[in-house]
Amino acid sequence: MSDRHFIQQIIDRDIAEGKWGPKGDGSVVKTRFPPEPNGFLHIGHAKAITLSHGLAREYGGTFFLRFDDTNPAKEEDRYVRSIVDNLRWLGCTWEGARDDDPMAGVRFASDYFDRMYQHARELISKGLAYVDDQTPEQIRATRGTPTEPGRPSPFRDRPAAESLDLFERMKNGEFPDGSRVLRAKIDMASPNFNLRDPVLYRVVHAHHHRTGDAWKIYPMYDWAHGLEDSYEGITHSLCTLEFENHRPLYDWLLNNLDGVHHPRQIEFARWAPTYMITSKRNLKQLVDEGHVDGWDDPRMPTISGLRRRGYTSEAMRAFCEEGGVTKFNAKIDVVRLENALRDHLNKAAPRRMAVLRPLKVTITNWGEHGAPTRVEELDAVNNPEDESAGSRKVPFSGSLFIERDDFIEQAPNKKWFRLAIGKEVRLRYGYWVACHDVVKNDAGEVVELLCTYDPTTKGGEAPPPDAEGKVRKVKGTLHWVSADDCAEAEVRLFDRLYTAEQPGKASGAHIDDLNPDSLEVIAGARLERSLGEASPGDRFQFERLGYFYADPDSKPGAPVFNRAVTLKDSWAKVAGQG
RNA sequence: UGGGGAUUGGUGUAAUUGGCAGCACGACGGAUUCUGAUUCCGUUAGUCUGAGUUCAAGUCUCAGAUCCCCAGCCA
């Protein structure tokens with residue numbers, strides 16, 4: 001029985017055979033994550049990052065972060081910074097990373113442009129590449145179809161010296177965009193289009209975010225990527241399935257260069273979480289058309305968005321690592337993502353009480369058992385999963401708030417454990433209270449509950465047996481806050497961005513599947529007083545409600561909380577069944 | 001109609017030279033519980049189809065089905 005996925009098995013074999021160094025030495029393993037800085041990273045990238053990073057760490061090898069910045073028209077420095085930040089947050093740091101300089105150790109394809117150019121000259125000299133003067137349209141027209149071979153370019157057999165000269169002049173900026181390309185001379189009849197004389201270099205007069213205007217020619221992916229891997233000594237170059245058709249070209253190029261290191265490319269399947277999209281184009285549409293508040297909107301599947309939602313990097317990594325690695329394009333249930341967060345935060349997040357939609361509760365017999373204005377400080381456990389988290393004091397008085405959803409005038413059935421007229425519940429860490437009356441406004445809505453409390457139930461303990469030895473029981477425990485001593489906050493509740501499991505699949509357009517209720521902002525939530533001072537980035541479990549994250553929008557005394565995920569709610573199911 | 005990949009319960013995965021189809025999530029039921037949470041116990045359900053080889057097939061052979069990727073001077 002082997003629990004090692006297919007990539008681990010390949011690497012195990014390579015190491016055993018000593019393919020990359022001394023037999024049995026895993027430390028030679030070198031992987032990389034090679035994003036193009038043309039957008040924000042999403043949940044799918046997180047999987048790729050943790051895979052390559054995790055493999056390097058597992059074998060005691062090396063992991064690089066390298067930007068594949070070979071297309072100046074699409075790339076920006078802000079994307080570089082965002083990606084670097086995302087990897088650091090994920091805890092997937094690369095060789096050479098330092099805390100005092102976020103960019104330390106980061107590599108760029110553009111650093112290798114000179115070497116790539118020289119290697120291209122080598123290929124031309126060997127008669128394996130040529131400058132083609134055809135237009136893009138002509139090249140497309142002569143590429144052939146799946147069933148017909150392509151036709152050779154009239155420039156295919158141009159002497160190497162002539163190509164060398166033209167290539168240099170392309171580099172020097174003598175020709176306009178689109179006028180000439182460098183092509184590999186492979187096989188115009190190959191069933192694999194990537195081998196029908198693929199373009200290696202194109203002329204681009206655009207400003208590059210790092211090299212400025214130094215270059216007028218830019219390498220294409222297939223030419224650049226293998227060389228980058230080779231220059232860096234990558235042993236296992238992991239990429240997604242759509243590059244399987246590119247591997248023959250990857251290998252052909254490196255095989256035809258003298259004395260270069262030749263990594264092994266391995267492809268694995270991408271992930272498609274349900275109710276999410278990961279297409280860059282579609283994500284951009286959400287931002288551009290204002291369906292969300294930006295790339296880091298907490299509803300976005302971007303790493304920045306999930307982070308702002310309140311996800312922890314531990315939960316993200318656990319999610320990425322639990323799913324396995326295969327070549328099967330799987331739909332992965334978002335519930336797994338949510339569960340990963342719940343698992344982590346259940347152990348890590350301090351508990352607090354917060355009332356999202358407050359309903360006033362007045363304890364009518366509060367004055368009969370002591371001073372009517374007295375406040376009792378009760379002990380509340382900070383985290384039942386973590387004894388070392390200790391406890392805190394919460395103020396209890398005759399004037400409280402409970403959750404509006406926790407009261408109904410007439411209990412619908414015996415499974416209603418919460419408050420109703422004539423019913424008794426426990427207030428967590430507080431007293432047992434029974435509701436005997438309600439106050440309504442002119443519209444007939446309940447605006448206040450009149451309850452009595454049992455002084456023998458302090459701290460939530462069960463009352464002593466009565467004269468006949470019977471012990472009173474209570475089914476429900478509600479969260480609450482003191483009405484006189486609490487903080488106020490804005491709370492943002494999120495639901496799935498889409499209502500369809502595979503957005504756009506059935507409807508044709510992902511926009512048509514947007515969930516109109518994906519965001520609900522609650523203005524007047526009441527919190528335990530200590531929560532008023534929450535700092536951005538703080539995380540709590542609001543008991544019975546879910547896990548919450550103090551948004552960067554929080555100001556001192558005016559916190560903003562995002563609900564990262566709810567608690568599992570089996571009552572919702574019972575209620576749904578009527 | 002060409003080429004490249006893939007297919008195991010509802011979902012995601014595992015199974016050594018062919019040797020009892022395992023794990024996790026979900027769903028369902030129960031126990032515990034001062035969170036209808038957590039935790040614990042149990043139940044559920046699967047090898048794409050059809051032939052063949054074999055004492056024995058998820059695994060090997062043949063035929064077929066379905067899904068994904070490929071005709072950018074994007075990556």
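Which element gives the largest share of the lining of the second largest pocket? That share, five residues, comes from H13, a helix spanning 570–576, where helices are DSSP runs of H or I with at least four residues, strands are runs of E with at least two, and both are numbered from the N terminus.

This is a predicted model, in which local features need pLDDT of at least 70 and side-chain atom pairs count only at pLDDT 80 or more, whereas totals for chains, interfaces and linings use all residues. Residues are numbered from 1 along each chain as its sequence is written, chains are lettered from A and ligands numbered from 1 in the order in which they are written, and side-chain values use heavy atoms, without hydrogens and water.

The surface near RNA strand B (residues with a heavy atom within 4 Å of it) has 66 residues, the closest being Arg351, Lys415, Arg428, Gly459 and Gln541.

| Residue | Protein atom | Atom of RNA strand B | Distance |
|---|---|---|---|
| asparagine 339 | side-chain N or O | sugar or linking oxygen | 3.3 Å |
| tyrosine 429 | backbone N or O | base oxygen | 3.2 Å |
| lysine 573 | polar side-chain atom | phosphate oxygen | 3.1 Å |

Key. A polar contact is a pair of N or O atoms within 3.5 Å; within protein, one must be able to donate a hydrogen and the other to accept it, and residues adjacent in sequence count only if both atoms are side-chain atoms.
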